[in-house]
Amino acid sequence: MALQDEYILQEGETKSTRFEGYETWGPLELAAHFKENGLGDYQELLVHHKITGKLAPLLKDVDLRDMGITCVGDRLRFQQLIANMKRKARATTRSHTVWVGEERLYFSDIEKCFLTCAGVCPDDPSTYKLTSNHLKLKTVKPFRIGPIKMCCCHEYTINNIDLTNVTDVDVIGVPAPCLLRACCCAKGKDILELQTAKALLNGKMVLTLKGGEGDGVSEIIMNQVEESQVMERD
């Protein structure tokens, strides 16, 4: 049996980059990957049995034997390559950025313009980055001389929160002061409080977002919490 077609690497695509999204590979792409790793004799066999990237991790030794792969060394090689695919795909998933955000310091642009002297003394807001397994919080602590906040020499801390330790996300809406609402239609702020299973900063982390963003962000975070907990159990 001869292959009617053969998967060809696209320009700039390599064996290492092709691990990303291997679950979407068809039989030809999967067969090409095994060929690149010394198992080219079984290309036609993989295509004949319609083994895709999504099905490959389910293959067991008995399945490989049933397909007609009699060489023990080759079956072990298949299992090793499949394990490597899953491991590298997990590493790629962990580093994938799901959401990024920035601390909401002011209720309105007018307040920001006034308190930063029209940008002459810019602020340094805290930043948030959510990946598949962690929430990275860069919390900025402004340098002060008495009650006066300086525009430089700020200190910061970075916390990487393991999402498997997050137990709950609460949203607290903080309305803008009446004067700002009346004069410039200022929106409020949404405070997200993350409860953690471990006593990390008293078990609670806080994100300050623009009013109206809290519900959506909390849903994104909780979805990733559930995903990471499933991956941890698996």
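## Accessibility and the model

A residue counts as buried under 20% relative accessible area, as exposed over 50%, and as partly exposed in between. D61, at 23% relative accessibility, therefore counts as partly exposed. The structure discussed here is a predicted model.

## Overall make-up

The protein chain contains seven helices and nine strands. Its length is 234 residues, of which 32% count as buried.

Contacts between residues at least 6 apart in sequence can be split by separation. In the protein chain, 56% of them join residues at least 24 apart.

Strand β1 covers residues 97-102 and strand β2 covers residues 127-131; the two run antiparallel and are joined by five bridges. Within this pairing, W99 has L130 of β2 as its bridge partner.

On to the next pairing: β2 is also joined to strand β3, residues 134-141, by four bridges, again in an antiparallel arrangement. Here L130 stands opposite L135 in β3. Two residues lie between β2 and β3, and the two strands form a hairpin.

In soluble globular proteins, nonpolar side chains tend to be buried together. In this model the largest nonpolar core has 19 residues, and L30, F34, L46 and F78 are those with the most contacts inside it. Helices α1 (27-36) and α4 (72-95) each supply at least two residues of this core. The largest share, five residues, comes from α4.

Which residues does L46 contact, once its neighbours within four places in sequence are left aside? The list is P27, A31, F34, I51, M67 and F78. F34 and F78 are, like L46, among the residues with the most contacts inside the largest core. Apart from this core lies another, of 17 residues, including L135, I161, L209 and V225.

## Salt bridges around D61

Side chains of opposite charge can pair when their charged atoms come close. The count of salt bridges comes to two. In one of them R65 pairs with D61, and the closest N and O atoms are 2.4 Å apart. Both residues belong to helix α3 (residues 61-66); because R65 and D61 are four residues apart there, about one helical turn separates them. R65 counts as partly exposed, with 44% relative accessibility, and D61 is likewise partly exposed at 23%.

D61 also forms a salt bridge with R75, at 2.8 Å from N to O. Since D61 lies in helix α3 and R75 in helix α4, this pair ties together parts that are 14 residues apart in sequence. Is R75 buried or exposed? R75 is buried, with a relative accessible area of 7%. Through shared partners, the salt bridges join D61, R65 and R75 into one network.

Methods: Residues numbered from 1 in each chain as written. Predicted model: local features only at pLDDT ≥ 70, side-chain atom pairs only at ≥ 80, totals over all residues. Heavy atoms only, no water. Buried < 20%, exposed > 50% of the residue type's maximum accessible area, 1.4 Å probe, protein only. Contact = heavy atoms within 4.5 Å. Pairing = 2+ DSSP bridges. Core = buried A, V, L, I, M, F, W, Y, C linked by side-chain atoms within 4.5 Å. Salt bridge = Lys/Arg side-chain N within 4 Å of Asp/Glu carboxyl O.
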